[in-house]
Amino acid sequence: MKRLLIANRGEVASRVARAARARGIRTVALYSDPDATLPYLNDVDESLSLPGESATDTYLNIAAVLDAGRRTGCDAVHPGYGFLAESAEFAEAVAQAGMTFVGPAAECVAAMGSKVRAKDLARKTSVPVLPDAVIDPDTTDLLELGDRVGYPLLVKASAGGGGRGIRPVNSPDKLTSAVTSAQREAKAFFGDETVFLERFLEGPRHIEIQILGDIHGNVIHLGDRECSVQRRHQKILEECPASLVDPELRTSMAAAAVRLASEIGYVGAGTCEFLVQGDEYFFLEMNTRLQVEHTVTEQVTGLDLVALQLDIAAGAELPLTQSDVALTGHSIQARVCAEDPHTGWLPSAGYVRQYWHPADDGVRYEDGIASGTTVSPLYDSMITKVIATGATRDQAASVLRDSLATLQLHGPATNVRALLTILDDEEYRRGEINVNWLEHRPDLVLADPLSIHAVAAAVAAAVHSDTGRFALPAAWSNSPRVPVQWTLADDHGTAHELHYLPAAHIGEAFPLFRIDDAEPAVRTLARDGDRWRIEVDGITQVVTVSTDGELGTDAEVQVWVNGPTGQTYLTIAPRFAEAAIDSVSAGPTSPMPGTVASVHVTVGQEVAPGDRLVVVEAMKMEHVIRAGRDAVVARVLVEAGQAVTAGRALVELEERP
């Protein structure tokens, strides 16, 4: 193996490139038009453009990917995760092209890529599975199948992964629509609309076993991982090892994973996923690729899983046996995603003005973005991973929490604040979690109170600016006793009214500082560049202030304040804001940039609150836009397949006659 094509993007492309470089292997990366400025392209020897924007035209285009490999003389392909990583067709095409596929053989990928076939193989090897039933679109009686499996149940895409193509169903009257929706999503993302029904467990835990196999018939496991903290069936916190697992159960699951991998002659790195409830476990699926969360296993085993993948693909025998595997300490990974937990985890996108974290704090960062890049709505919302390791689980959680609090990400909305709240939660710290835990704890994603320290820091930056950019703050007056007035919005869009009289010098208290109905005692104690020491009611914090725009002008100003409690984002309204004309008030709009997946209404149709109007797909998720009131559809403004921007009007509604 001399030249490796990395058929992926973002942080996983960088991760593979680092491991290949350590093995003396040259690397080639691919990039779509929106990805041309991303930092992973700095980590490879060469990169090729895949003209286009959508995943279908670029990273999922097998012909284009293989052509890139041929043009650059690559003799091997690493698929990373996502995109073509679990495509049997791609694995076979790589082999047919005379290149080495870094992963299992195509037959193995196909066997495990179908959840239906995988469960049949699990039964064959005496691995417990949940009751299920496959849907034959020509002959199946859906209601009969649903009754046989039992409610509640899940409709699941056979070729699915990453939470795609899954729909929960609590009663027979919801089954047909759930199947239709899951089939559409499965077809769009996996090219296979096969779905099946599976009994739904109430509050299980999601635990997985990392396995390794070589071409010489050796298969071992590298311990387990806990992935129970999820939103929309997608993981956001993962850890190794799993907490609160009975030793006998842990041993039994690991043995089952090795048994199943041995049965199919597995080669490479793979993961068997299980649902655990009480003292029982059930096989969920096998991922025939590197996992996003492989990092935590690496941290506690001291092994480089990507390097091992490359060695195995080159024909090497596993360099260790099961007795050599030892887990030391505890590691937790947080997925930082461009999404807003306070708006139902809606994806976010846009320009990254600043991205920064400490370089030497002992925490592992896997970055997919950099300052000056743009987060595209066309791909997965994960933009970076933060991995902390400690002697104990509690220590790892504390280190991770402190690291996330230092992260500066000025641009799209992220889930960092929710991650901080989760890591501070007592139930989480005790390990009392399951796959439904987050949805039962809405308090963990409630909007935080407005940070007065952050507001005071923004004011200090305006009052004491060296450059004069803030010489005329909003509503400025030449009378020193007339308070300055700001209208500002916090991270969650809530408006606040601020009135203040500026202190003449640093160290003096503000004569007046009123935010809404509160009047805290505020003063600026010290300044060092963009770092400010702010005192509010006797409590001092050191924070940094960054702005986009000039306070005191007729334009909106964005302010980011980073401090010990994390990042606060403020929007300062212009002095003379004109009343906006809401051209779309008569109907719903798209909450994010995306593509219309389906339209469910026609002109003249009457709708009631909660009725489905349009489905918009963004960042690999479907978002249902529903009616908010009794109305009649006056106009349908979009069609399936149409790209829409955030705020784009979708349907025009009129009052019922």
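Predicted model: local features only at pLDDT ≥ 70, side-chain atom pairs only at ≥ 80, totals over all residues.
**The eight-stranded sheet**

Eight strands build an open, antiparallel sheet, arranged in the order β26-β25-β24-β31-β30-β29-β28-β27.

Helix α14 lies across β24, β25, β26, β27, β28 (531-536), β29, β30 and β31, and runs at about 125° to β28.

**The four-stranded sheet**

A further open sheet consists of 4 strands in the order β6-β9-β7-β8, again with antiparallel pairing. Its edge strands are β6 (132-134) and β8 (166-169), each of which pairs on one side only. Neighbouring strands here are turned by 20° against each other on average, direction ignored.

Strand β7 (residues 153-157) is joined to strand β9 (residues 195-199) by 5 bridges in the antiparallel sense. Lys 156 has Phe 196 in β9 as its bridge partner. Helix α5 (residues 115-124) lies across β6, β7 and β9, with a direction at about 45° to β9.

**Cavities and a pocket**

Searching the whole structure gives 3 cavities of 30 Å³ or more.

| Space | Volume |
|---|---|
| Second largest pocket | about 650 Å³ |
| Largest cavity | about 50 Å³ |
| Second largest cavity | about 40 Å³ |

The largest cavity is lined by Ser 451, His 453, Ala 454, Gln 541, Val 543, Val 561, Asn 562, Gly 563, Thr 565, Gly 566 and Thr 568. The elements that contribute two or more residues to this lining are α14 (452-463), β29 (539-548), β30 (557-563) and β31. The largest share, 3 residues, comes from β30. By class, the lining of the largest cavity comprises 3 nonpolar and 8 polar residues, with no charged residues.

The second largest cavity holds about 40 Å³ of space. Among its 13 lining residues, Pro 79, Val 102, Thr 288, Arg 289 and Gln 309 are the closest to the centre. The lining of the second largest cavity divides into 7 nonpolar, 5 polar and 1 charged residues.

The second largest pocket has a volume of about 650 Å³. Of the 26 residues in its lining, those closest to the centre are Arg 417, Asp 491, His 492, Gln 567 and Tyr 569. The lining of the second largest pocket contains 11 nonpolar, 10 polar and 5 charged residues.

Pro 358 is placed in the loop between β19 (354-356) and β20 (364-367). Its relative accessible area is 16%, and Pro 358 therefore counts as buried under the 20% cut-off. When residues up to four places away in sequence are not counted, Pro 358 touches Tyr 365 and Thr 406. Pro 358 and Gln 408 are 50 residues apart in sequence, and their C-alpha atoms are 9.7 Å apart in space.

How values were computed. Residues numbered from 1 in each chain as written. Heavy atoms only, no water. 1 Å grid on protein atoms, 1.4 Å probe; cavity = no way out; pocket = protein on both sides within 12 Å on 5 of 7 lines; lining within 4 Å. Points joined across faces, edges and corners; volume = space filled by probe spheres on them. Nonpolar A, V, L, I, M, F, W, Y, C, P; charged D, E, K, R; others polar. Buried < 20%, exposed > 50% of the residue type's maximum accessible area, 1.4 Å probe, protein only. Contact = heavy atoms within 4.5 Å. Pairing = 2+ DSSP bridges. Axes fitted to C-alpha atoms, helices over the stretch in contact; angles between N-to-C directions.
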